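Colleague: Please take me through this one, starting with the side chains.

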Amino acid sequence: MTELSTRYHRIGLPSIFVAFLTVGLLALLPLRTEAQTEYFFPAGVTFDQRIPSPEEFLGYPLGTFATRHDRIVAYMQELARLSDRATYQSIGTTYEHRPMPVLTVTSPGNHARLEAIRQEHLASLEPGASQNGDIPAIVHLGHNIHGNENSAGESALLMAYWLVAGTGPDHERILNEGVFHIEPTLNPDGRERFVQWTNMNRAEPFVADPLDREHNEAWPGGRTNHYWFDLNRDWYLLVNPESRARVDFHHKWRANVVTDHHEMGTNSSYFFEPPEPVVGWNPLLPERLFTDITLTFTELWADALDEIGSLYYTKEVFDKFYPGYGSSYPSFLGGMAVLFEQASSRGFVQESSHHGKITLAFTIRNQLRTGMATVRGTIDNREKLQQYQREFFATAISEANEYEIDGWVFGDPNDPTLNREFIDYLLWHRIEVYELNSTQQGNGVTFEPGQAWVVPASQPLYRMARSIFERVGTFADSVFYDVSAWTMSLAYGMPDHALRGGRLPMGDRVTEVPALEGAGPVAQSSIAYLMDWSNSAAPRALHAMQAAGVRAEAAFKPFTARTTNGEVSFPRGSISIPVSIQNLSPDSLHAVVTAAAREANVPIQSAVTGMSVNGIDLGSGNFLPVRTPRVLMLFGAGVSSYEAGQIWHLMDQRIAMPMTKVDVTSLGRVDWSNYNVLVLVSGDLSALSGDRLDDLKAWIRGGGTLIAQRGAAVWATQNGLTPHVAEPGMGQPVTEHEEDEEETAVRRDYVDAGDIEGAKGIGGSIWEADLDLTHPLGFGYSRRFLPVWRDHNFFFAPSSSEYSTVAQLVDDDPWLAGYISDENREWLQGSPSVIADQLGRGSVVLLVDNINFRGYWRGTSRLFLNALFFGDQIQVP
Ligand SMILES: [Zn+2]
């Protein structure tokens with residue numbers, strides 16, 4: 001007898017009766033179904049018998065297996081097939097080609113005019129729109145964005161069953177007055193990893209011991225998506241296809257209420273909102289959301305869990321500060337987005353420290369009950385929620401008009417690809433973007449029409465626009481659940497400037513990403529093909545050409561060439577493909593270059609002579625060969641899956657370069673002569689010790705390039721790989737101030753420890769580094785100003801070689817955005833961010849900061865690509 005079936009029976013029944021019932025449960029499906037339905041749903045809920053329950057459809061009681069994604073999809077499709085209350089759609093496709101299901105449930109009458117309802121709803125939100133008529137509430141029920149938080153996804157099956165099959169006048173009213181979008185699995189790829197793990201380790205009878213393999217997923221676990229991104233940070237960043245599809249859907253519907261069901265540690269209970277007062281609120285959102293709207297629901301959730309005796313807590317821990325959570329982003333569209341966190345059984349049953357055994361069925365039921373309370377609460381408060389949302393968009397305009405900044409101008413004159421991607425990012429968030437109509441100066445940059453654009457503050461999504469450009473430095477608290485900065489223009493390395501003083505220099509509105517100029521057909525050259533490395537699509541084109549056998553060179557000094565398009569200037573790092581040095585025929589070379597230019601959408605020029613107008617000629621010794629990277633990267637247990645996944649994503653999705661992902665357990669099989677680049681990120685690198693460390697050193701000395709990021713940079717200095725770079729100071733820096741405190745033995749209240757110690761960490765903030773543009777790692781950059789992301793406490797000293805600290809935080813106030821304690825601020829001044837070292841004939845590149853954090857740090861990911869292509873050309877004088 002499983003834990004689950006025990007749960008279905010009231011304690012105190014005579015044991016013989018329990019035994020009889022158990023046999024009955026196993027033998028008779030209808031009885032079992034009824035028992036399970038009784039367990040999950042409140043008394044008095046009735047169902048249309050023609051609609052199968054999840055158990056009837058799947059063939060097992062919910063909570064006894066983890067339900068595969070394709071079976072969840074199939075159930076949703078079956079409900080849509082059987083009922084005129086439901087329609088099914090997939091709103092997108094994951095990296096692993098799984099559909100992203102949404103089941104829309106409402107009354108048949110509403111279904112018949114669903115598109116009209118959507119349009120009336122959106123029209124009612126236009127600032128200045130008149131009072132809307134009788135529009136149903138729009139509700140989005142979201143589950144399982146963290147793939148291993150299984151109770152969320154399983155409960156969505158019951159939610160769908162209830163909404164589609166529920167009967168009675170109350171239920172009819174719910175469907176008449178609401179449109180419900182059920183999204184059962186927001187992260188299908190991650191969920192499937194978890195489902196596979198938990199089902200393959202499932203035992204009969206269940207094993208509750210937390211040590212059991214079932215409760216401890218293998219690396220990298222199912223929380224994240226295919227490239228191991230946390231999708232519950234990506235709503236704002238839009239790096240992944242899941243988020244892009246989802247955000248698009250949310251903008252189409254702009255729901256009044258959005259739920260986000262999660263799980264947390266097994267030893268906890270259940271969390272629902274409100275979040276922690278004031279410090280957990282995003283100050284750009286209306287205070288009324290937290291002090292009124294959410295509180296309307298809090299008592300409903302409490303009643304729902306009180307009814308079944310489940311414990312919970314509120315107002316602690318979780319924040320809504322960062323705009324990229326599922327429980328925050330929809331609030332920037334005027335909805336009430338709310339977080340639920342259930343203590344996880346992480347498997348089918350697990351012993352907790354002081355709440356006894358947590359079963360999957362128990363956790364599913366809690367999620368279902370708060371979800372049902374949300375549905376009912378929305379219908380009962382429909383007009384209040386609709387009025388709040390109209391007010392949200394009206395006050396966006398009035399608050400923007402009060403804001404000291406009128407708008408922002410942005411644009412990189414040297415990188416049209418980055419401009420296009422940033423505009424795409426803004427348009428995806430439905431931010432209004434306009435042409436710039438007169439030259440502007442600011443932050444040391446000249447912004448010219450055609451190469452720069454304007455975002456006005458005053459627009460319906462003012463709060464989101466402001467989040468994207470604002471450099472936040474004032475905080476209600478100093479301890480963060482997550483990062484404290486998210487200025488997208490800084491992360492993209494996008495030059496921008498805040499506009500003040502009234503009339504904005506705006507032309508026409510931009511409604512689609514502008515075409516790239518000059519990326520047309522490539523003329524055939526008998527001399528050389530030339531590509532500006534400033535264009536951030538250039539690495540992709542270079543790799544495509546190298547993969548076809550093309551030999552390339554990089555310019556270590558600038559030049560101006562005569563081309564079929566006239567005189568064109570090329571900065572350091574520009575790529576030359578001389579025709580005469582190839583093993584390919586001139587015609588084949590032209591075909592390869594043309595294909596690469598088209599594939600990467602980057603302009604490539606054709607030289608008409610080797611003699612330059614200015615600077616080095618095309619036969620100069622200052623053109624050095626660019627190797628074809630053959631990349632090995634260490635993956636596996638102990639390695640940071642986030643950092644590893646971000647670089648894997650960069651290699652796959654941005655430059656389409658294959659890379660060998662070697663597991664830590666396979667290191668002994670590596671033939672180092674097959675590779676010329678090794679990438680290491682933070683984590684346990686103890687697999688690289690003894691003979692393997694010696695092998696690595698010999699390989700570097702022979703000409704290999706080690707790229708070591710963050711924790712791996714520290715490891716490299718500790719293991720004798722960096723002759724010119726010492727081991728950094730780590731952990732909490734000891735300042736004079738703190739030494740004084742130790743002498744006088746400061747005494748503090750126990751309860752304050754979390755806040756005071758937490759404030760000393762560097763949770764993620766943005767800093768100004770000075771970049772050496774003449775170093776090969778600085779190729780393609782045009783500003784010494786380099787914003788970097790810092791989320792650790794490693795403080796390196798500069799290289800003992802004067803020419804090798806490539807990027808260093810500036811001495812004079814490097815702060816750009818985010819929280820930092822005063823002590824750490826002192827330490828950060830002058831702290832290196834990128835150091836290049838040499839060991840024998842090889843090089844060691846220390847990327848002290850996470851250059852590709854969450855995949856959106858476009859501004860610094862170029863450093864990594866430079867190390868790939870130019871690492872063998874680094875010398876330490
Ligand atoms: Zn979660």
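Colleague: Does Phe422 count as buried or exposed?

Modeller: This is a predicted model, where local features need pLDDT of at least 70, side-chain atom pairs count only at pLDDT 80 or more, and totals for chains, interfaces and linings use all residues. Residues are numbered from 1 along each chain as its sequence is written, and side-chain values use heavy atoms, leaving out hydrogens and water. Buried means under 20% relative accessible area, exposed over 50%, and partly exposed in between (1.4 Å probe, protein chains only). Phe422 is at 0% relative accessibility, so it counts as buried.

Colleague: How do the ring planes of Phe410 and Phe422 sit?

Modeller: Rings of Phe, Tyr and Trp (its six-membered ring) pair if their centres lie within 6.5 Å; planes under 30 degrees apart count as stacked, over 60 as edge-to-face, the rest as tilted. The structure holds 51 aromatic pairs. In this one the centres are 5.1 Å apart and the planes stand at 70°, so Phe410 and Phe422 are edge-to-face.

Colleague: How many residues apart are Phe410 and Phe422?

Modeller: Helices (H or I, at least four residues) and strands (E, at least two) are DSSP runs, numbered from the N terminus. Phe410 is in strand β10 (residues 407–410), and is buried at a relative accessible area of 0%. Phe422 is in helix α16 (residues 416–428). The pair links distant parts of the chain, with a separation of 12 residues.

Colleague: Which residue lies over the face of Trp428?

Modeller: A charge sits over a ring if NZ of Lys or CZ of Arg is within 6 Å of the ring centre and within 35 degrees of the ring normal. Arg202 does this for Phe65, at 3.7 Å from the ring centre. Over Trp428, at 4.4 Å from the ring centre, lies Arg244.

Colleague: How many residues apart in sequence are Asp134 and Arg382?

Modeller: Their side chains meet in a salt bridge (3.0 Å, N to O), which is a side-chain nitrogen of Lys or Arg within 4 Å of a carboxyl oxygen of Asp or Glu. Asp134 is exposed, with a relative accessible area of 64%, whereas Arg382 counts as buried at 8%. Asp134 lies in the loop between α7 (114–124) and β3 (137–143) and Arg382 in helix α15 (residues 382–402), so the pair ties together parts whose separation is 248 residues.

Colleague: What is the N to O distance between Arg113 and Glu120?

Modeller: The whole structure has 41 salt bridges. Arg113 is partly exposed at 34% relative accessibility, and Glu120 is partly exposed with a relative accessible area of 34%. Their side chains meet in a salt bridge with an N to O distance of 2.9 Å.

Colleague: Which strands stand at the edges of the open sheet?

Modeller: Two strands pair if DSSP finds at least two bridges between them. Here 5 strands run β22-β17-β21-β18-β24, with antiparallel pairing. Two of them have a single partner strand each, so one side of each lacks a neighbour in the sheet: β22 (605–606) and β24 (623–626).

Colleague: How many residues of strand β34 are buried?

Modeller: In a regular strand the side chains alternate between the two faces of the sheet. On one side of β34, Gly842, Val844 and Leu846 are buried; on the other, Ser843, Val845 and Leu847 are too. The strand (residues 842–847) is largely enclosed by the rest of the structure, because the buried count is 6 of the 6.

Colleague: Which residue takes a positive phi in the hairpin of β33 and β34?

Modeller: β34 pairs in the parallel sense with strand β28 (residues 705–709) over 5 bridges. Strand β33 (residues 832–839) joins β34 by 6 bridges and runs antiparallel to it, with Asp837 opposite Val844. The hairpin has 2 residues between its strands, and the positive phi near 60° belongs to Gly840.

Colleague: Which residues are closest to the centre of the largest pocket?

Modeller: On a 1 Å grid over the protein atoms alone, a pocket is an open set of points where a 1.4 Å probe fits, with protein on both sides within 12 Å along at least five of seven lines; lining residues have an atom within 4 Å of a point. Points are joined across faces, edges and corners, and the volume is the space filled by probe spheres set on them. The largest pocket holds about 930 Å³. Of its 48 lining residues, the closest to the centre are Thr417, Leu418, Glu421, Ser536 and Arg858.
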